[in-house]
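Have the sequence and the 3D view open while you read, and take the stops one by one.

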Amino acid sequence: IAVGPLFPTSTKSDHRSLLGVKGCSEILEAIPANIEKAVIGGINEKNLHEAISLKCGICISQAICASPSPYESIRRILEIIDCA
């Protein structure tokens with residue numbers, strides 16, 4: 001289950017209201033432990049640590065697809081995740 005939007009995003013214009021870390025956390029806690037969970041919406045290198053703190057999967061698209069160098073963006077994102 002993907003929960004979001006975590007942060008403001010321009011990927012989808014018809015998304016529900018911004019949930020933020022607190023809102024996503026509350027929803028994630030209500031989902032049974034045996035179900036895979038992820039957060040989605042506006043996640044990028046600058047706010048990735050907040051997404052990581054939710055201890056679930058992370059969906060990132062805009063930060064990669066809109067990057068002038070998707071490869072470098074992915075490399076930096078993975079570096080942040082590895083160091084977390």
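## Ground rules

Helices (H or I, at least four residues) and strands (E, at least two) are DSSP runs, numbered from the N terminus. This is a predicted model, so local features need pLDDT of at least 70 and side-chain atom pairs count only at pLDDT 80 or more, while totals for chains, interfaces and linings use all residues. Residues are numbered from 1 along each chain as its sequence is written, and side-chain values use heavy atoms, with hydrogens and water left out.

Start with helix H1, residues 20-30, where the buried residues are Gly20, Gly23, Cys24 and Leu28. They sit on the same side of H1, because they cover an arc of only 130° around the axis (the arc is that of the directions from the helix axis to the C-beta atoms). "Buried" here means under 20% relative accessible area, "exposed" means over 50%, and "partly exposed" is in between (1.4 Å probe, protein chains only).

What lies over that buried side? The cover includes strand E1 (2-3) and strand E2 (38-40). On the face turned away from the buried side, H1 carries the exposed residues Lys22, Glu29 and Ala30.

The model has four salt bridges, a salt bridge being a side-chain nitrogen of Lys or Arg within 4 Å of a carboxyl oxygen of Asp or Glu. Side chains of opposite charge can pair when their charged atoms come close.

One of these bridges links Lys22 and Glu26, with the closest N and O atoms 3.9 Å apart. Both residues lie in helix H1, four residues apart, about one turn of the helix. An α-helix has 3.6 residues a turn, so residues three or four places apart point the same way. Lys22 is exposed at 63% relative accessibility, whereas Glu26 is partly exposed at 48%.

Now move to helix H4, which spans 70-83. Glu72 and Arg75 are three residues apart in H4, about one turn of the helix, and their side chains meet in a salt bridge of 2.9 Å, N to O. Glu72 is partly exposed at 27% relative accessibility, and Arg75 is partly exposed at 37%.

Arg75 also bridges to Glu79, at 3.5 Å from N to O. Salt bridges that share partners join Glu72, Arg75 and Glu79 into one network.

Which side chain does Ser67 meet in a polar contact? The partner is Ser73, at 2.7 Å. (A polar contact is a pair of N or O atoms within 3.5 Å; within protein, one must be able to donate a hydrogen and the other to accept it, and residues adjacent in sequence count only if both atoms are side-chain atoms.) Ser67 sits in the loop between helix H3 (62-65) and helix H4, while Ser73 is in H4 itself. Both count as buried: Ser67 at 15% relative accessibility and Ser73 at 3%. Leaving aside neighbours within four places in sequence, Ser73 is in contact (heavy atoms within 4.5 Å) with Glu45, Ala63 and Ser67.

Together with Leu78 and Ile81, Ile74 forms a nonpolar surface patch with about 230 Å² of accessible area. Patches are made of residues with over 30% relative accessible area and no salt bridge, where like charges are joined within 9 Å and nonpolar side chains (Val, Leu, Ile, Met, Phe, Trp, Tyr) within 5 Å. Accessible areas come from the Shrake-Rupley method with a 1.4 Å probe, and for residues only the protein chains shown count as cover.
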